[in-house]
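Visitor: I would like a close look at one part of this structure. Please take the inside first, then what lies around it.

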Amino acid sequence: MLTLRFVPYHEIEYLSSARRIHKLLDVVKENKIVLLEGRLKKEEETDLIEITMENIDDKFKGIELAVINPEKGKNQNVFRKAKTRFRNALLGNRQGLTVIGPATVVSEIKKNPDKIELYTQDETKKKKKLKNKK
């Protein structure tokens, strides 16, 4: 069974960077795919990957991460850019969507500017492999 957990931006808004990362990583370690409203800062994404690497063991194999931001890259006029920056300054960076999933569940994430394609591992194949090894 595939479990998605939506994390609204307001749940992590007032947390420190370290607490944000650990909160998201704790959810992923429960074999759930996190759908985060908005995105982490670049430094937080880097820290998330580093902390993930430190936590890899026999049970936890790592994460797959993708960010989609439909507004980024589109031609915006000066007024729209200023409006976006002002909104981000007041409300935080809530634009876009971040997907973080455990590598044991998510086999691949393909992203385009406007969509994310998420491919998961087939659980029945995993169980058959385990049975054959025994």
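Visitor: Which residues have the most contacts inside the largest nonpolar core, and how many residues does that core have?

Guide: First, some ground rules. This is a predicted model, where local features need pLDDT of at least 70, side-chain atom pairs count only at pLDDT 80 or more, and totals for chains, interfaces and linings use all residues. Residues are numbered from 1 along each chain as its sequence is written, and side-chain values use heavy atoms, with hydrogens and water left out.

Now the core. The largest nonpolar core has 16 residues. Leu24, Val34, Leu36, Leu48, Ile63 and Ile100 have the most contacts inside it. A nonpolar core is a set of buried Ala, Val, Leu, Ile, Met, Phe, Trp, Tyr and Cys residues, joined through side-chain atoms within 4.5 Å. Buried means under 20% relative accessible area, exposed means over 50%, and partly exposed is in between (1.4 Å probe, protein chains only).

Which elements build this core? Helix H1 (9-12), helix H2 (17-29), strand S2 (33-37) and helix H3 each give two or more residues. H2 gives the largest share, five residues. Helices (H or I, at least four residues) and strands (E, at least two) are DSSP runs, numbered from the N terminus. In soluble globular proteins, nonpolar side chains tend to be buried together.

Take Val34 as an example. Leaving out residues up to four places away in sequence, Val34 touches Arg5, Val7, Leu24, Val27, Val28, Thr98, Val99 and Ile100. Contact here means heavy atoms within 4.5 Å. Another core lies apart from the largest one. This other core has six residues, among them Val99, Val105, Val106 and Ile109.

Next, look at Ile33. Ile33 sits in strand S2. Ile33 counts as buried because its relative accessible area is 0%.

Step back to the whole chain for a moment. The protein chain has five helices and six strands. From the N terminus on, their order is β-α-α-β-α-β-α-β-β-β-α. Of its 134 residues, 31% are buried. Take the contacts between residues at least 6 apart in sequence: 68% of them join residues at least 24 apart.

Charged side chains come next. The structure holds six salt bridges. A salt bridge is a side-chain nitrogen of Lys or Arg within 4 Å of a carboxyl oxygen of Asp or Glu. One of them joins Lys23 and Glu11, with the closest N and O atoms 3.6 Å apart. That pair links distant parts of the chain: Lys23 is in helix H2, Glu11 is in helix H1, and they are 12 residues apart. Lys23 is partly exposed, at 29%. Glu11 is partly exposed too, at 29%. Arg5, Glu11 and Lys23 are linked in a network of salt bridges.

Glu45 is in another setting. Glu45 lies in helix H3. Its side chain meets that of Arg39 in a salt bridge, 3.0 Å from N to O. Glu45 counts as buried because its relative accessibility is 12%. Arg39, at 14%, also counts as buried. Beyond residues up to four places away in sequence, Glu45 touches Arg39, Leu40, Leu65 and Val67.

Now the hairpin. Strand S5 (residues 106-112) and strand S6 (residues 115-120) pair in the antiparallel sense over six bridges. Two strands pair if DSSP finds at least two bridges between them. S5 and S6 form a hairpin, with two residues between them. Lys110 stands opposite Glu117 in S6. Glu117 also meets Lys115 in a salt bridge, 3.8 Å from N to O. Lys115 is partly exposed at 41%, and Glu117 is partly exposed at 30%.

Last, the outside. Ile49, Met53 and Ile56 form a nonpolar patch on the surface. Patches are made of residues with over 30% relative accessible area and no salt bridge; like charges are joined within 9 Å, and nonpolar side chains (Val, Leu, Ile, Met, Phe, Trp, Tyr) within 5 Å. Together the three residues have about 280 Å² of accessible area. Accessible areas come from the Shrake-Rupley method with a 1.4 Å probe, and for residues only the protein chains shown count as cover. Met53 is in helix H3 (residues 42-55). Met53 counts as exposed because its relative accessibility is 57%.
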